[in-house]
Amino acid sequence: MLQQQQQRRMFTAALLALVFILAAVSTTEAGKKEKPEKKAKKSDCGEWQWSVCVPTNGDCGLGTREGTRTGAECKQTTKTQKCKIPCNWKKQFGAECKYQFQAWGECDLNTALKTRTGNLKRALHNADCQKTVTISKPCGKLTKPKPQGKFNLLVVARYFI
């Protein structure tokens, strides 16, 4: 009789384990079937168009820029984004345009200016930059070369004295 009770308990435990496993499997399969498939939501929103970066203080450093886009069902049509204008860039060609400059040319004696050209190296935030730019600056003092003879005589004179 004791042996029969042990067999019934084992049979009951096995049956409960089987029911538990079947319930877990059916729940998992049901969960998969219940999830609706995600449909690709097509948006009529246009691409973001960004303004130039406007520094918070001065003419470089941290600032903000405004973005806009069009579309009848767009949730968001304007937004503000943080940006930064490097302080070592030449601001006269646009604060968001970086140029690689060549060496300064020879001084033009008629204008007393020397010039150099720069090619566009990088444009931040799809800025509208010129491909090539030219800058000029005054030549500075034009000094006449010192005659070599006097200098050499002074050096020789000091050496012997």
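This is a predicted model: local features need pLDDT of at least 70, side-chain atom pairs count only at pLDDT 80 or more; totals for chains, interfaces and linings use all residues.
Stepping back to the overall layout, the chain contains 2 helices and 7 strands. Read from the N terminus, the order of elements is α-β-β-β-β-β-β-β-α. As for burial, 14% of the 161 residues in the chain count as buried.

In general, nonpolar side chains of soluble globular proteins tend to be buried together. Here the largest nonpolar core has 7 residues, namely Phe93, Cys97, Tyr99, Phe101, Cys129, Val133 and Ile135. Two elements, β5 (97-101) and β7 (132-138), each supply two or more residues to this core. Of the elements involved, β5 gives the most, with 3 residues.

Aromatic contacts come next. The whole structure turns up 2 aromatic pairs. For tyrosine 99 and phenylalanine 101, the ring centres are 6.3 Å apart and the planes meet at 55 degrees, so this pair counts as tilted; an angle over 60 would have made a pair edge-to-face. Tyrosine 99 and phenylalanine 101 are both buried, and both belong to the largest nonpolar core. Another aromatic residue, tryptophan 50, has a charged neighbour: arginine 65 lies over the face of the tryptophan 50 ring, 4.4 Å from its centre.

Two loop residues round out the picture. Threonine 77 is found in the loop that links β3 (61-68) to β4 (78-85). With a relative accessibility of 33%, threonine 77 counts as partly exposed, because that class runs between the 20% limit for buried and the 50% limit for exposed.

Leucine 109, for its part, lies in the loop between β5 and β6 (113-123). Its relative accessibility is 68%, so leucine 109 counts as exposed. Along the chain, leucine 109 and cysteine 139 are 30 residues apart, yet their C-alpha atoms are separated by 8.8 Å.

Note on methods:
Residues are numbered from 1 along each chain as its sequence is written. Side-chain values use heavy atoms; hydrogens and water are left out. Rings of Phe, Tyr and Trp (its six-membered ring) pair if their centres lie within 6.5 Å; planes under 30 degrees apart count as stacked, over 60 as edge-to-face and the rest as tilted. Buried means under 20% relative accessible area, exposed over 50%, partly exposed in between (1.4 Å probe, protein chains only). A charge sits over a ring if NZ of Lys or CZ of Arg is within 6 Å of the ring centre and within 35 degrees of the ring normal. A nonpolar core is a set of buried Ala, Val, Leu, Ile, Met, Phe, Trp, Tyr and Cys residues joined through side-chain atoms within 4.5 Å. Helices (H or I, at least four residues) and strands (E, at least two) are DSSP runs, numbered from the N terminus.
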